[in-house]
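Subject: Structure handover

Hi,

Here is the structure I promised to pass on. Have a look at it first, and then read my notes below.

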Amino acid sequence: MTRVVYVNGRYLPYAQAGVNVEDRGFQFADAIYEVCEINGGRLVDETRHMERLERSLDALRIAMPMSRRALGLVLREVVRRNRVTTGLLYLQVTRGVAPRDFPFPGDDVAPTVVCLARRVDDAKRAARASAGIAVKTMPDIRWGRCDIKTVMLLPAVLAKEAAAEDGAQEAWLVDSDGFVTEGASSNAWIVDRSGSLVTRPTGNAILPGVTRRTLLDLLSREKIPLLERAFSVDEALSAREAFITSASGTVMPVVAINKVPIGNGHPGELTLRLRSIFHQVAELSH
Ligand code: PDD
């Protein structure tokens, strides 16, 4: 659990940290967030997370709450005060506090900034990776701007709950044409029959994952063929390998989709290789 939470300029003990009941993040999900991996006490791919944060804020016309440099200092301080070496950093920025009314409040309303860091059990995560995870497909009922990392996560919550009730650890969301968009909180990948990696191109239908982007760098370094195109559930079921990418799991093997084993039902060889070398290309903060 996090010990210290940054809220609007103050580092508060967890139990005392809170936001106003009229915060627009609470009332309208009028807020964006980032989740960043902490590895060896350092932030992984901070630059890309900051770029995406600015992009999300821009899309919603929320002002950047402070300079990127100042925000970077806050993130580092939160990691340091929580003494996290392996874990996750969570940052949320909302449009701020104002009496409940749908249109934007005036420019005098400052964004709310919350940041916390928590440990992840490395051994548990490694065990999960060596077993691989199960996925359940669910209709993608989200909105038309899934490229913005908003806290409006109810479709993801419902999909993940349905997956969990079925013994699966992730849901793969499927569009009305039968193509996988992405995971409820991850990007979706398969290795096709010819050994190429396949993942959906960025656009409004998916979140441009930072882990996805960094993995693309790794693929070009390793000269592994990549096809950025949509794939169907049927194609995924007959794929050689499947995996998901996210800051919380980096490259995580998928061994079953809707209870159908993928490949030989064990984590794929290429997937495990990519997982083991992922951090060679990721940026580590100072
Ligand atoms: N989820 N797609 C969705 C819908 C996501 O929520 C996430 C991340 C990703 C992967 O993005 P990245 O590689 O930048 O983590 C893709 C985070 C981890 C979460 O909500 O906890």
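Below are my notes on the domains, the contacts between them and the ligand site.

A word on the ground rules: this is a predicted model, so local features need pLDDT of at least 70 and side-chain atom pairs count only at pLDDT 80 or more, while totals for chains, interfaces and linings use all residues. Residues are numbered from 1 along each chain as its sequence is written, and side-chain values use heavy atoms, with hydrogens and water left out.

The protein chain splits into domain 1 (4-120) and domain 2 (125-280), with bounds from an automatic or database domain assignment. Their C-alpha centres are 26 Å apart. Between them, 23 residues of domain 1 are in contact with 21 residues of domain 2 (contact means heavy atoms within 4.5 Å). The buried area is about 1900 Å², with carbon and sulfur atoms giving 60% of it; that is the accessible area (1.4 Å probe) that the two parts lose on being put together, summed over both. On the domain 1 side, Tyr 33, Arg 48 and Arg 52 lose the most area to domain 2, together 34% of what that side buries.

As for polar links, 10 residue pairs are in polar contact across the interface, both residues at pLDDT 80 or more. A polar contact is a pair of N or O atoms within 3.5 Å; within protein, one must be able to donate a hydrogen and the other to accept it, and residues adjacent in sequence count only if both atoms are side-chain atoms. β3 (31-39), α2 (46-60) and β5 (86-94) each give two or more residues to the side of domain 1 that touches domain 2, and β3 gives the most, with eight residues. (Helices, H or I of at least four residues, and strands, E of at least two, are DSSP runs numbered from the N terminus.)

The whole structure has 21 salt bridges, meaning a side-chain nitrogen of Lys or Arg within 4 Å of a carboxyl oxygen of Asp or Glu. One of them joins Arg 52 and Glu 34 (2.8 Å, N to O). Arg 52 lies in helix α2 and Glu 34 in strand β3, so this pair ties together parts that are 18 residues apart in sequence.

Arg 52 turns up again at the ligand: of the 19 residues around the ligand, Tyr 33, Arg 52, Glu 182, Thr 211 and Ala 247 come nearest (a heavy atom within 4 Å counts as near). An N or O atom in the Glu 182 side chain is 2.6 Å from a ligand nitrogen atom.

Cheers
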